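My notes follow in the order I looked things up.

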Amino acid sequence: MRAFLAAVAMFQALITGDCLLCEQCFTTGTAQCSGIFKQCSPDVTHCVKGIENSTLGSEVTLTAFKDCLDPSHKATCGRKSSLKTSVLSLIISRTCCDSDFCNGGDIQVPAVDEIPNGYKCEDCFTSQSADTCTEAAEVQCTGEHNTCLSFTGTGSRPGEGVYHYTVKGCVTQDYCQLFYLVGTQTYTYDLQCSPAKKL
C-alpha cells in the first residue's frame, strides 16, 4: 500500500511541477510514525522528522512527527532544544533533508544528558493559576543547559486541556530563538531567556 501511495505521489509531482515530496505523520504516545507522502508547497526546500519528549514527574508523553518543513523554521534543523525543571523536562529534536521521500524511516530518539554542568536557574512549574511561583527554589542544570528560562502563558500538553502555566528552569542556549513546539501547544505567552548562574 505504501508503495502504491508513493507511486501516486510521484505521478502527481510529475504532473504538477517540481515540488518536494515528504512523508507526513503525527502520532502521540509513540517514538515512531508513518504516513502518506505529501507534495510540499513550492517554497519548501526541506523535509523534517523528529520527536518531542514531554515528561512531567513520571509521566512521559512522546510525539513523533514528519512533514514538509516550514521555511521559517529552518534554523531548527539538526538542533535539539530542551528544558528542565525539578518536575518537567521537554526535549525536541529535528532532522532535515532536501530530497524527495528523504524523511522516511525511523526517527532517532535523542539521549538525555542528566550530568550536572555547574549551572543553576530559578525553578518553578505551576498550572494552577496565573500567579508566579511564590517559593524561591533553584534547579541544577544538566548537559547542554546553560541558560535560564521564564515562561508565563497558556498552553496544553498532548492529550490535556488548556491551562495557564508558569515555568522557570534550565534550557539550551538558543531555546528562546528556536522556540517551536510540536505536540505541546502554546497560545498567548511571555518567554524570556537569560544566562544561567554558576553554582
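**Entry 1**

I started at Glu 52, whose bridge partner in strand 4 is Thr 63. Before going on, I note that this is a predicted model, where local features need pLDDT of at least 70 and side-chain atom pairs count only at pLDDT 80 or more, while totals for chains, interfaces and linings use all residues. Residues are numbered from 1 along each chain as its sequence is written, and side-chain values use heavy atoms, with hydrogens and water left out.

Strand 3 (residues 47-56) is joined to strand 4 by 10 bridges, and the two run antiparallel. For my own reference, two strands pair if DSSP finds at least two bridges between them. Strands here are DSSP runs of E with at least two residues, helices are runs of H or I with at least four, and both are numbered from the N terminus. The hairpin of strand 3 and strand 4 has two residues between the strands, and Gly 57 takes a positive phi near 65 degrees there.

Strand 4 (residues 59-68) also pairs with strand 1 (residues 21-28), in the antiparallel sense and over four bridges. I looked up Cys 25 and found Lys 66 as its bridge partner in strand 4.

**Entry 1: the overall count**

I counted elements next: the protein has one helix and 13 strands. Of the 199 residues, 41% are buried (under 20% relative accessible area; exposed is over 50% and partly exposed is in between, with a 1.4 Å probe and protein chains only).

I then traced an open sheet of three strands, with the order 9-7-13 and antiparallel pairing. Strand 9 (138-142) and strand 13 (197-198) are its edge strands, each pairing on one side only. Strand 7 (residues 116-122) meets strand 13 over two bridges, in the antiparallel sense. At Lys 120, the bridge partner in strand 13 is Lys 197.

I also checked Lys 198, which lies over the face of Tyr 119 at 4.6 Å from the ring centre. The cut-off is NZ of Lys or CZ of Arg within 6 Å of the ring centre and within 35 degrees of the ring normal.

**Entry 2: aromatic pairs**

How many aromatic pairs are there in the whole structure? My search gave seven. Rings of Phe, Tyr and Trp (its six-membered ring) pair if their centres lie within 6.5 Å; planes under 30 degrees apart count as stacked, over 60 as edge-to-face and the rest as tilted.

Phe 125 and Tyr 165 make a tilted pair, 5.7 Å centre to centre with 40 degrees between the planes. This pair links distant parts of the chain, with Phe 125 in strand 8 (residues 124-126) and Tyr 165 in strand 11 (residues 163-172), 40 residues apart. Buried or partly exposed? Phe 125 is partly exposed at a relative accessible area of 22%, whereas Tyr 165 is buried at 8%.

Phe 151 and Phe 179 are tilted as well, at 6.4 Å centre to centre and 45 degrees between the planes. Phe 151 sits in strand 10 (residues 145-156) and Phe 179 in the loop between strand 11 and strand 12 (185-195), so the pair ties together parts that are 28 residues apart in sequence. Phe 151 is buried at 7%, and Phe 179 is buried at 17%.

**Entry 3: the largest cavity**

I found two cavities of 30 Å³ or more. On a 1 Å grid over the protein atoms alone, a cavity is a set of points where a 1.4 Å probe fits but cannot get out; a pocket is an open set with protein on both sides within 12 Å along at least five of seven lines, and lining residues have an atom within 4 Å of a point.

The largest cavity has a volume of about 200 Å³. Its lining has 18 residues, and Leu 88, Leu 90, Phe 151, Val 167 and Thr 184 lie nearest the centre. Strand 10 gives the most to this lining, with four residues.

**Entry 4: the largest pocket**

Last, I looked at the largest pocket, which holds about 270 Å³ of space. It is lined by 21 residues, with Ile 91, Val 112, Asp 113, Glu 114 and His 145 closest to its centre. Strand 5 gives the most to the lining of this pocket, with four residues.

Key
Points joined across faces, edges and corners; volume = space filled by probe spheres on them.
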